Amino acid sequence: QSRGASYCESGRFDKAIADFTRSIELKGDHAVTWRNRGHAYCCIGKHDEAIADCTKAIELNPSYGDAYIDRGNAYKAKHQYDLAMADYTKAIELDANSAAGYRNRGMVHSDMSLYDEAIKDFTRAIEINPSFAEAWADHGTAREGKGQFEEAIKDLTRSLVLNPKSV
């Protein structure tokens with residue numbers, strides 16, 4: 001489990017998946033392992049496998065917010081926005097301070113050109129975590145979508161200050 005997480009963090013997703021699979025074979029009732037393997041699958045574009053693993057994690061622990069977020073990410077990648085939105089909303093219901101839940105739900109809103117809703121979600125993510133560079137970048141992009149260019153520039157600049165690799 002731990003080595004698999006390290007492989008995942010270092011971008012060696014095939015090795016991470018192999019370790020998580022072995023861990024599941026040894027102890028198949030550990031929701032975190034199922035979610036972690038689902039996350040790794042999502043990172044390499046195996047979205048159906050990611051959905052299946054995150055669903056298993058949710059079956060094992062229905063209050064596991066990160067599993068909803070990762071499953072939502074896989075649905076979003078497949079452009080199944082209603083399902084992604086439902087998972088992000090569930091993650092937020094489970095943890096009202098889930099900056100990732102708000103940010104990811106905002107990304108779906110942005111993808112659907114629902115910029116007012118996106119800005120609300122990105123704003124909430126930033127309120128929860130003012131150092132969330134990616135949320136600042138997304139906030140700026142949504143403002144740009146609304147034609148609010150000066151505000152967008154400010155948000156994107158803030159994102160760059162927080163993390164030069166975020167934009």
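First, some housekeeping. This is a predicted model, in which local features need pLDDT of at least 70, side-chain atom pairs count only at pLDDT 80 or more, and totals for chains, interfaces and linings use all residues. Residues are numbered from 1 along each chain as its sequence is written, and side-chain values use heavy atoms, with hydrogens and water left out.

Stop 1: Select residues 2-9, which is helix α1, together with α2. Helices here are DSSP runs (H or I, at least four residues), numbered from the N terminus. The axes of α1 and α2 come within 7 Å and cross at roughly 165°; axes are lines fitted to C-alpha atoms, for helices over the stretch in contact, with angles from 0 to 180 degrees between N-to-C directions. That makes α1 and α2 roughly antiparallel (the label for angles over 145 degrees). Their crossing is left-handed, meaning the near helix is turned anticlockwise from the far one by less than a right angle.

Stay in α2 (residues 13-26) and pick phenylalanine 20. Is phenylalanine 20 buried or exposed? Buried, at 1% relative accessibility; the cut-offs are under 20% relative accessible area for buried, over 50% for exposed, and partly exposed in between (1.4 Å probe, protein chains only).

**Stop 2: a charge over a ring.** Show tryptophan 34 and lysine 56. The charged end of lysine 56 sits over the tryptophan 34 ring, 5.9 Å from the ring centre. The test wants NZ of Lys or CZ of Arg within 6 Å of the ring centre and within 35 degrees of the ring normal.

**Stop 3: salt bridges.** How many salt bridges does the structure hold? There are 13, each a side-chain nitrogen of Lys or Arg within 4 Å of a carboxyl oxygen of Asp or Glu.

- Lysine 78 and aspartate 48 meet at 2.3 Å, N to O. Lysine 78 is in the loop between α5 (65-77) and α6 (81-94), and aspartate 48 is in helix α4 (residues 47-60), so this pair ties together parts 30 residues apart in sequence. Lysine 78 is partly exposed at 32%.
- Arginine 124 and glutamate 127 meet at 3.5 Å, N to O. They sit three residues apart in helix α8 (residues 115-128), about one helical turn. Arginine 124 is partly exposed at 27%, while glutamate 127 is exposed at 51%.
- Arginine 143 and aspartate 155 meet at 3.4 Å, N to O. This pair links helix α9 (residues 133-145) to helix α10 (residues 149-162), 12 residues apart. Arginine 143 is partly exposed at 22%, whereas aspartate 155 is buried at 4%.

**Stop 4: α6 against α7.** Select α6 and helix α7 (residues 99-111): their axes come within 8 Å and cross at roughly 155°. α6 is therefore roughly antiparallel to α7, and the crossing is left-handed.

**Stop 5: two loops with positive phi.** Pick histidine 79, in the loop between α5 and α6. Histidine 79 is not a glycine, yet has a positive phi of about 60°, and is exposed at 56%. Finish at serine 113, in the loop between α7 and α8. Serine 113 also isn't a glycine, and its phi is positive, near 60°; this residue is partly exposed at 46%.

Terms used
Parallel < 35°, antiparallel > 145°, perpendicular 65-115°, else oblique.
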